[in-house]
Amino acid sequence: MKKNNFLYRVYDLYYDGFRNMRLGRTLWAIILIKLFIIFAVLKVFFFPDFLKEHAEGDKAGYVATQILNQ
């Protein structure tokens, strides 16, 4: 790959930046843990499957009737 290529320069910038950081690795770990908690744990406990409880098997039909009744 040519060293003047834009994608190579972007890759080299990020690779060099991540290789030399110390505090950044800890911060990225905290960010990834928080994202996991938000999307995995909170979704399971606080956001139940509304269609599964109300649609009784015909999800598309239930959504269509709810939209048309509005």
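How many helices and strands does the secondary structure of the protein chain come to? Color by secondary structure and you'll find 4 helices and 0 strands (helices are DSSP runs of H or I of at least four residues, strands are runs of E of at least two, and both are numbered from the N terminus). From the N terminus on, the order is α-α-α-α. With a radius of gyration of 23 Å, well over the 11 Å that the globule rule gives for 70 residues, the chain is more spread out than a compact globule (the radius is taken over C-alpha atoms, and the rule is 2.2 Å times the number of residues to the power 0.38).

Before you click further, some ground rules. This is a predicted model, where local features need pLDDT of at least 70 and side-chain atom pairs count only at pLDDT 80 or more, while totals for chains, interfaces and linings use all residues. Residues are numbered from 1 along each chain as its sequence is written, and side-chain values use heavy atoms, with hydrogens and water left out.

**Whole chain.** Color by pLDDT, the predictor's confidence in each residue, from 0 to 100. The chain averages 84, and 96% of the residues score at least 70. Now show the C-alpha trace: along its principal axes it spans about 60 × 30 × 20 Å. Buried residues make up 4% of the 70 (buried is under 20% relative accessible area, exposed over 50%, partly exposed in between, with a 1.4 Å probe and protein chains only).

**Helix 1.** Select R19 and D16, which both lie in helix 1 (residues 6–20), 3 residues apart, about one turn of the helix. Their side chains meet in a salt bridge at 2.6 Å, N to O (a side-chain nitrogen of Lys or Arg within 4 Å of a carboxyl oxygen of Asp or Glu). By this rule the count comes to 1 salt bridge. R19 is partly exposed at 46% relative accessibility, and D16 is partly exposed too, at 32%.

**Helix 2.** Next, select residues 23–46, which make up helix 2. Its 24 residues reach 33 Å from first C-alpha to last, close to the 34 Å expected at 1.5 Å a residue (that is 1.5 Å times one less than the number of residues). Center on I37, where helix 2 bends by about 30° (the angle between axes fitted to the seven residues ending there and the seven starting there). Then click L27, also in helix 2 and partly exposed at 44%.

**Last stop.** Go to E56, in the loop between helix 3 and helix 4. E56 has a phi near 55°, a positive value in a residue other than glycine. Most residues other than glycine have a negative phi. At 74% relative accessibility, E56 is exposed.
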